[in-house]
Amino acid sequence: MHPATAPGGLPLLGHLPAMLARPLAFLDTLPAHGDLVRVRVGPRELYMVGAPELIRRVLTERADFDRTGPLYAKIRTFLGNGLASCPHADHQRLRRIVQPAFRHALLPRYAEAMTAETAALTARWQAGRTVDVTREAFTLTTAVAVRTLFSAGLTAEAAERLRHALDVLLRGLYLRVVLPAADLLPTPARREYRRALRAWHAGVAAIVADYRARGVDHGDVLSLLLAARDEAGRPLAERELADQVATLVLAGAETTSSALAWSLRLVAEHPEVERKLHAELDAGPAGEPARWQHLAQLPYTAQVVSEALRLYPPAWAVSRTTTRPLELGGARLPAGALVVCCLYLLQRRPELFPDPTRFDPDRFAPGAVHRDAYLPFGLGATRCPGDRFGTVEATLALATIAGRWRLRPVADGPVRPQPRLVLSPGPQPMTPTDRITGPAG
């Protein structure tokens with residue numbers, strides 16, 4: 001049996017224009033055609049799945065679905081063979097090395113950096129002066145990622161160069177994933193992308209070399225990675241180390257900034273949610289920067305972040321390549337087929353989340369069970385090891401910002417997401433005004 005093909009494809013281009021211009025609007029049309037839908041992107045075909053049982057199979061049956069093929073080859077030009085992009089054959093070894101950097105005992109130390117950077121960023125805001133919330137969130141989470149990864153030996157100028165390179169690469173990588181020919185066109189954007197790629201690799205290599213030369217344990221993630229050994233007692237090779245750093249900066253910066261930016265926008269658009277959030281904050285941190293010890297007082301703030309992650313999961317499309325001919329969802333797929341698990345569609349299925357487009361943080365109230373229908377950090381062995389890091393950071397940042405400022409969009413109307421490797425909103429100019437905090441109620 002052949003899967004249904006998404007309608008509206010153009011000769012030669014297929015569904016590429018829709019995937020570039022309005023990816024979410026295009027994805028929203030797919031469930032009407034089944035749980036497994038064939039999409040054409042230029043000369044390539046991919047198979048989009050949004051049903052929980054199919055996604056669970058693709059993400060957990062590692063012998064049949066691997067992270068190989070031309071798509072991952074393109075991603076590795078930036079991330080290298082990092083934990084988020086390596087084939088399954090390398091994953092277990094690399095995860096054992098990286099996992100200790102995210103153990104629970106280290107989170108309070110990381111939270112100090114999260115609180116300090118959020119307070120520093122928002123202290124520069126002025127009431128009535130517009131800020132681009134998306135860019136501010138990215139600046140914040142990049143600063144936190146750099147600070148927790150490299151707590152010593154990194155100047156402000158070097159950190160800014162890394163942040164700028166990361167921004168350029170993330171904007172350009174999605175285009176290269178859906179349009180490989182972008183690297184063949186002699187455009188200014190291609191030259192900027194290549195400059196950023198060189199700057200990124202050179203910057204990371206310089207930091208690693210400096211840490212090795214000093215031989216000092218700074219108590220940060222890079223120090224942990226330098227000291228890590230696999231089961232055979234081998235350390236990470238130089239290139240492996242750089243690849244893990246690239247992956248961790250991406251995971252720590254882009255995914256969390258997306259969650260925070262969406263949370264701020266959604267709160268501003270929903271007055272009742274904003275009132276409940278402010279009541280919780282006024283009874284807890286009460287206008288002070290939110291810290292690790294405040295987390296127990298911020299259950300609703302965490303629910304806001306979880307609901308934003310449901311509506312707009314950063315990893316909105318997770319791909320795998322079939323390793324052999326097989327059947328999926330009643331359709332026969334050849335070896336080498338690109339299967340895309342669309343978590344954006346999964347988390348908006350009405351039978352799993354009633355009234356799925358409504359922003360309702362109470363879906364995640366204590367006792368709520370979502371099993372494998374809520375997967376913003378993936379599933380199985382390849383689930384993001386930094387999931388707790390990211391949710392703590394987004395929760396503390398949201399609490400600190402909302403405790404001090406009330407944000408309002410400059411323009412009405414829906415946000416148009418910007419196609420990047422993760423699902424981030426485009427520019428969001430918003431105006432902050434001072435809040436007067438006081439007892440809840």
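The model is predicted, with local features requiring pLDDT of at least 70 and side-chain atom pairs counted only at pLDDT 80 or more, whereas totals for chains, interfaces and linings use all residues. Residues are numbered from 1 along each chain as its sequence is written, and side-chain values use heavy atoms, with hydrogens and water left out.

G14 has a relative accessibility of 2% and therefore counts as buried (under 20% relative accessible area, with exposed meaning over 50% and partly exposed in between; 1.4 Å probe, protein chains only). Apart from neighbours within four places in sequence, G14 is in contact with G8, G9 and R40, contact meaning heavy atoms within 4.5 Å. P43 is 29 residues from G14 along the chain, and the C-alpha atoms of the two are separated by 7.7 Å.

Two packed helices are described by the angle between their axes and the distance between the axes. Axes are lines fitted to C-alpha atoms, for helices over the stretch in contact, and angles run from 0 to 180 degrees between N-to-C directions. Helices α5 (residues 88-98) and α11 (residues 238-269) pack at about 70°, with axes 12 Å apart. The two are therefore roughly perpendicular (65 to 115 degrees; under 35 is roughly parallel, over 145 roughly antiparallel and the rest oblique). R93, L94 and V98 of α5 meet E240, Q244 and L248 of α11 in this contact. Three of the contact residues are nonpolar, one is polar and two are charged (Ala, Val, Leu, Ile, Met, Phe, Trp, Tyr, Cys and Pro are nonpolar, Asp, Glu, Lys and Arg charged, and the others, Gly among them, polar).

For α7 (residues 133-149) and α15 (residues 387-404), the angle is about 130° and the axes are 12 Å apart. This makes α7 oblique to α15. The contact involves L140, T141, V144 and T148 of α7 and F389, E393 and A397 of α15. By class, four of these residues are nonpolar, two polar and one charged.

Strand β6 (residues 317-322) is mostly covered, with five of its six residues buried. β6 runs antiparallel to β4 (residues 65-66), to which two bridges join it; strands pair if DSSP finds at least two bridges between them. Within β4, F65 stands opposite T322 of β6. Five bridges join β6 to β9 (residues 338-342), also antiparallel, and A317 has C342 of β9 as its bridge partner.

Conventions
Helix = DSSP H or I, 4+ residues; strand = E, 2+ residues; numbered from the N terminus.
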